Structures are given as C-alpha cells and as structure tokens.
Amino acid sequence: MTFDELLRAARGSEELIMPGSWSQGRATFGGLTAALMFERMEMLVTEGRAMRSLQVSFVGPVEPEVPARFEAEILREGKAVSQVQGRIVQKGETRLVCLASFGGDRESEVQVDALPAPEAPPIDQCPGLDYIEGVTPEFIQQIEMRWAFGNLPFSGKGGRELGGWMQFRKTPESFSDAHIVALVDAWPPAVLPYVKQRVRTSSLSWALDIVHPRPAMEPGDWLLYKVSIDQAGAGYGHTQAGIWTAKGELVALSRQTVTVFG
C-alpha cells in the first residue's frame, strides 16, 4: 500500500494492519505509525489550527500484519490552541503515545527569520540509498533518500552530521503535515556511522515542530534533512535536525533520543 492509501485507511477506521512493505526489522517504520496517528489526531481539531508541535514516545514495536487500534482524544481546546493525545494499542498493549499541540495564528510584534539552510550538493549529484532485500529496511521501497552529508551507517568513520534529500518514491496526491512526519523519521540514526558492524537501534522519543505558515510545497518536491549529534554514550544518542525545502525555506525542526544496542 502507498502512503496515501494508508492515510485514507487511517481516516476511515480506528483499526489498521500495517503492511510488511513498511516494516523496519520486527517493527513497522516509526515515521509511518506516527504519521497515521497524527492524521487521526488532526481530524479532531478545529479547522484553522495547524500542528505546531508533536511529541512521540515509541513504547514498543508496532508489529506488521497484526491489527492495531488507533485511539485519539482532545485533552483541551482553548481559544487558540488544541491539545490532543493519541496512542496505538496492539495485542492489548500500548505501543506508541503521541501528544500534539495545534494552534491558530496570533497577532505578535515578534518576527525572527529562520537561520539559512545548509549548503548541499545538487540532488542529481548525491548517491541514492537503494533498497537491498535483507540488508536495508523494507520501508526504503517507499521513501527515496539521496546522501549529501556525513558518512554511511556501519562505516566506522564517525562524524557528527548526517542527511540529504528525501521524497516519496511514488508521488503523493498532496503534501500534508502527515507526509512531512513520515519523511522526517526515515533517515537512519546519526550515531550509526560510528560502528563497523550492524547493530540494532531504535527511536525512544521524538519531538517534531512544523513551522507555520508552512512554505508552499507540491507533491514530488524534495526536502533537505540534516541531523547532528548533541551527545551519545551509554547506549543512547541525542540528536537534532532541520528540514528545508529545495529553495532553502525552513519546514520543520526535529529532536530525537535513540537507543543503540551495541
């Protein structure tokens, strides 16, 4: 199933089965589960309130090919801001919890331009991260990435930065906030270039802020992603990333805590 097909399914049903083509090891790709949960949460919110901040806790793996229930509720709806909670339950256990803040625009004297986007090689000059059966995660069949920053995972070369260009392999029908949520989580953890052998990693928590008014984006547009490591040790890594349009406009800011099993 394509991402758009899964989004439509999420809008129409509280119970979904994640296809194996979107898996990442024993779990479903976290960006997909977070995006689908976000889609159900957004349906509850008053029109005109954009998603400002999303916090995700990956409690346990959402298994592919197993029914999962998507639950969402409004915690509070104020004059300008709506606070929404969502969770995914599978086999009677909570597997993912989300908190999102949706807010309408306010009048303000504060106006600060975003920092400029990093310089990156043109897309056609960046090597692609191809899907290799049994080597790369299954969801790489769905999302295309072009390497622009840093060293490859499991190279043992280290480095604090990683990232590049990204888009869906099948051009979506539209480009919503849910599409951004899914794309941002696609890149491998920035700590992986430090190891020489394949080790397991997983996202423990994730905070994503989307900038509004959001830059205009069309289906098929490439986004640029660059992540840096703040600190890593004792089996955990703390990273922060920026996401920009090809024109250099800031789209979103991301922070993650990842676990490293090796």
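Which residues does valine 89 touch, not counting residues up to four places away in sequence? Keep that one in mind while you look around; point 2 picks it up.

1. **What you have.** A quick word before you start clicking: this is a predicted model. UniProt, in an unreviewed entry, puts "domain: Acyl-CoA thioesterase-like N-terminal HotDog" on residues 19-103. In the model, that span is 15% helix and 53% strand, and its end C-alpha atoms lie 33 Å apart. The record also lists "domain: Acyl-CoA thioesterase-like C-terminal", again from an unreviewed entry, for residues 124-260. Here the make-up is 6% helix and 42% strand, with 32 Å between the end C-alpha atoms.

2. **Valine 89.** Back to the opening question: valine 89 touches Ala68, Arg69, Glu71 and Thr94, once residues up to four places away in sequence are set aside. You'll find valine 89 in strand β6, which runs over residues 81-90. Its relative accessible area is 15%, so valine 89 is buried, the cut-off being under 20%.

3. The largest nonpolar core has 65 residues, and the members that touch the most others are Phe3, Trp22, Leu36, Ile143 and Met166. Helix α2 (residues 30-42) supplies the largest share of this core, with seven residues. If you wonder about the general pattern, nonpolar side chains in soluble globular proteins tend to be buried together. Beyond its neighbours within four places in sequence, tryptophan 22 is in contact with Met1, Thr2, Phe3 and Leu6, with Thr28, Phe29 and Leu32, and with Phe139, Gln142, Ile143 and Phe168.

4. **A second core, and cysteine 126.** There is also a separate core of seven residues, which includes Cys126, Leu224, Trp244 and Leu250. Cysteine 126 sits in the loop between β7 (93-103) and β8 (143-149). Is cysteine 126 buried or exposed? With a relative accessibility of 7%, cysteine 126 counts as buried, so being in a loop has not left it exposed here. Its contacts, leaving out residues up to four places away in sequence, are Pro121, Arg146, Trp147, Ala148 and Trp165. Tryptophan 165 is 39 residues from cysteine 126 in sequence, while the C-alpha to C-alpha distance is 8.3 Å.

5. **How α1 meets α2.** Helix α1 (residues 3-12) and α2 have axes that come within 9 Å and cross at roughly 40 degrees. That angle makes α1 oblique to α2. The crossing is right-handed. On the α1 side, the contact uses Phe3, Leu6, Leu7, Ala10, Arg11 and Gly12; on the α2 side, Leu32, Ala35, Leu36, Glu39 and Arg40.

6. **How α2 meets α3.** Now turn to α2 and α3, whose axes come within 7 Å and cross at roughly 160 degrees. An angle over 145 degrees counts as roughly antiparallel, which means α2 is roughly antiparallel to α3. This crossing is right-handed. Gly31, Ala34, Ala35, Phe38 and Glu39 of α2 meet Asp177, Ala178, Val181 and Ala182 of α3.

7. **Aspartate 177.** Aspartate 177 belongs to helix α3 (residues 177-184). Its relative accessibility is 7%, so aspartate 177 counts as buried. What is aspartate 177 in contact with, leaving aside its neighbours within four places in sequence? The list is Phe38, Met51, Ile210, His212 and Arg214.

8. Most residues other than glycine have a negative phi, and most peptide bonds are trans. The peptide bond from histidine 212 to proline 213 is cis, with omega near 0 degrees, and proline 213 lies in the loop between β10 (200-210) and β11 (223-233). Lysine 91, not a glycine, has a positive phi of about 55 degrees; it is in the loop between β6 and β7, and is exposed at 56% relative accessible area. Alanine 234 also has a positive phi of about 55 degrees without being a glycine. Alanine 234 is in the loop between β11 and β12 (236-245), and its relative accessible area of 79% makes it exposed.

Technical notes
Residues are numbered from 1 along each chain as its sequence is written. This is a predicted model: local features need pLDDT of at least 70, side-chain atom pairs count only at pLDDT 80 or more; totals for chains, interfaces and linings use all residues. Side-chain values use heavy atoms; hydrogens and water are left out. A nonpolar core is a set of buried Ala, Val, Leu, Ile, Met, Phe, Trp, Tyr and Cys residues joined through side-chain atoms within 4.5 Å. Buried means under 20% relative accessible area, exposed over 50%, partly exposed in between (1.4 Å probe, protein chains only). Helices (H or I, at least four residues) and strands (E, at least two) are DSSP runs, numbered from the N terminus. Contact means heavy atoms within 4.5 Å. UniProt positions are given in the numbering used here, feature names are shortened, and annotations may be inferred rather than shown by experiment. Axes are lines fitted to C-alpha atoms, for helices over the stretch in contact, and angles run from 0 to 180 degrees between N-to-C directions. Angles under 35 degrees count as roughly parallel, over 145 as roughly antiparallel, 65 to 115 as roughly perpendicular and the rest as oblique. A crossing is left-handed if the near helix is turned anticlockwise from the far one by less than a right angle, and right-handed if clockwise.
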